[in-house]
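This briefing goes through selected local features of one protein chain, grouped by topic. The sequence and the structure come first.

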Amino acid sequence: MQEISSMKEAVSKVRENILSACKRAGRDPKDVTLVAVSKTMPVSAIREAMSYGLTEFGENRPQELRDKQAEIKEALRWHMIGALQTNKLKYVVGKTVLIHSVDSLHLAEAIEAESEKRGVVSEILLEINIAQEASKHGIAPEELEGLVRKLAAFPHLKIRGLMTVAPYTEIPEENRPYFQKMKQLVVDINSKNIDNVYMDMLSMGMTGDYEIAVEEGATLVRVGTGIFGHRAYPPKE
């Protein structure tokens, strides 16, 4: 990947790449949302990204999200993209526009309960382990329809679509079949005409492969390194 000389240049390059991918796929660029993955990044970096017009930010630690929202009062659109524990939902429900990482009935039930308590409807994506990697979170594709049918009856949840984290690869093209399968899962679920369920969101594609993801139907791409540069990870809790 080409070294970035400035964040401004990086944001511009990502936007250009999304535009080009949309042109290749015959898609409207307005249908693709760039989520800047700001996990581990300081508030100063988020503010710089905001100055280049970015308003959608993705976090993967609920307490980090809480701390950043305490400092940044502007009306940003925060996304929860990381694995969630039920005891951390108080930092997420009602404080994010979309929870990307719902990967079990247990978690969905807890989000429903917290949403009811707060008087909100939580918009969620169901995370699919599309490559069946042991190291990844997510629902097996064959379990999706059964879970959707159960969650469709939850009054405080709205299933907006699906999310996946594709395998890491040096060759982005290798992930195209996974993205195609994700798009087909959305089409298949919508064809079932399940009450209260219509999927219009597909969160897939990261710094290394978001252009391929856009070509295959992604409506949200999660780009961190491609905007902020390489990050130093803090020790795990």
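Thr-33 lies in strand β1, and this briefing starts from there. The model is predicted.

**Thr-33 and its surroundings**

- Thr-33 has a relative accessible area of 25% and is partly exposed, because the buried class ends under 20% and the exposed class begins over 50%.
- Leaving aside neighbours within four places in sequence, the contacts of Thr-33 are Glu-56, Thr-219, Leu-220 and Val-221.
- Between Thr-33 and Met-201 there are 168 residues along the chain, counted as their separation, while their C-alpha atoms are separated by 9.9 Å.

**The second largest pocket**

- Thr-33 is one of the residues that line the second largest pocket, which has a volume of about 170 Å³.
- The rest of the lining consists of Arg-15, Ile-18, Leu-19, Pro-29, Val-32, Leu-34, Gly-53, Leu-54, Thr-55 and Glu-56.
- Helix α1 gives the most to this lining, with three residues; α1 and β1 (33-37) each supply at least two.
- Sorted by class, the lining of this pocket holds six nonpolar, three polar and two charged residues.

**Nonpolar cores**

- The largest nonpolar core comprises 67 residues, and those with the most contacts inside it are Phe-57, Leu-126, Val-148, Leu-162, Val-221, Ile-227 and Phe-228.
- Helix α1 (residues 7-25) provides the largest share of this core, six residues.
- Another core, of six residues, lies apart from the largest one; among its members are Val-35, Leu-125, Met-163 and Leu-220.
- Ile-227 is in contact with Met-7, Ala-10, Val-11, Val-14, Leu-34, Ala-36 and Leu-54, when neighbours within four places in sequence are left aside.

**Helix α4**

- Helix α4 covers residues 105-118, 14 residues in total, and reaches 20 Å from its first C-alpha to its last, close to the 20 Å expected at 1.5 Å a residue.
- Its buried residues are Leu-107, Ala-108, Ala-110, Ile-111, Glu-112, Glu-114 and Ser-115.
- Gly-119 follows α4 and has a positive phi, near 70°.

**Helix α3**

- In helix α3 (residues 62-71), Pro-62, Gln-63, Glu-64, Leu-65, Lys-68 and Gln-69 are buried.
- The packing partners of the buried α3 residues are α2 (43-51), β2 (56-59) and β3 (77-80).

- Most residues other than glycine have a negative phi.
- Thr-40 is not a glycine, yet its phi is positive, about 70°.
- Thr-40 is in the loop between β1 and α2, and its relative accessible area of 24% makes it partly exposed.
- Asn-193, also a residue other than glycine, has a positive phi near 55°.
- Asn-193 is placed in the loop between α6 (176-191) and β7 (201-203), and it counts as exposed at 63% relative accessibility.

**Tyr-210**

- Tyr-210 is found in helix α7 (residues 210-215) and counts as buried, because its relative accessibility is 5%.
- Not counting residues up to four places away in sequence, Tyr-210 touches Lys-13, Val-14, Asn-17, Ile-18, Gly-205, Val-221 and Val-223.
- The C-alpha atoms of Tyr-210 and Asp-67 are separated by 28 Å, and the two residues are 143 residues apart along the chain.

**Thr-169**

- Thr-169 sits in the loop between β6 and α6 and is buried, with a relative accessible area of 17%.
- Beyond its neighbours within four places in sequence, Thr-169 is in contact with Glu-174 and Asn-175.
- Thr-169 and Asp-209 are 40 residues apart in sequence and 8.6 Å apart in space, C-alpha to C-alpha.

Methods. Residues numbered from 1 in each chain as written. Predicted model: local features only at pLDDT ≥ 70, side-chain atom pairs only at ≥ 80, totals over all residues. Heavy atoms only, no water. Helix = DSSP H or I, 4+ residues; strand = E, 2+ residues; numbered from the N terminus. Expected span 1.5 Å × (residues − 1). Buried < 20%, exposed > 50% of the residue type's maximum accessible area, 1.4 Å probe, protein only. Core = buried A, V, L, I, M, F, W, Y, C linked by side-chain atoms within 4.5 Å. Contact = heavy atoms within 4.5 Å. 1 Å grid on protein atoms, 1.4 Å probe; cavity = no way out; pocket = protein on both sides within 12 Å on 5 of 7 lines; lining within 4 Å. Points joined across faces, edges and corners; volume = space filled by probe spheres on them. Nonpolar A, V, L, I, M, F, W, Y, C, P; charged D, E, K, R; others polar.
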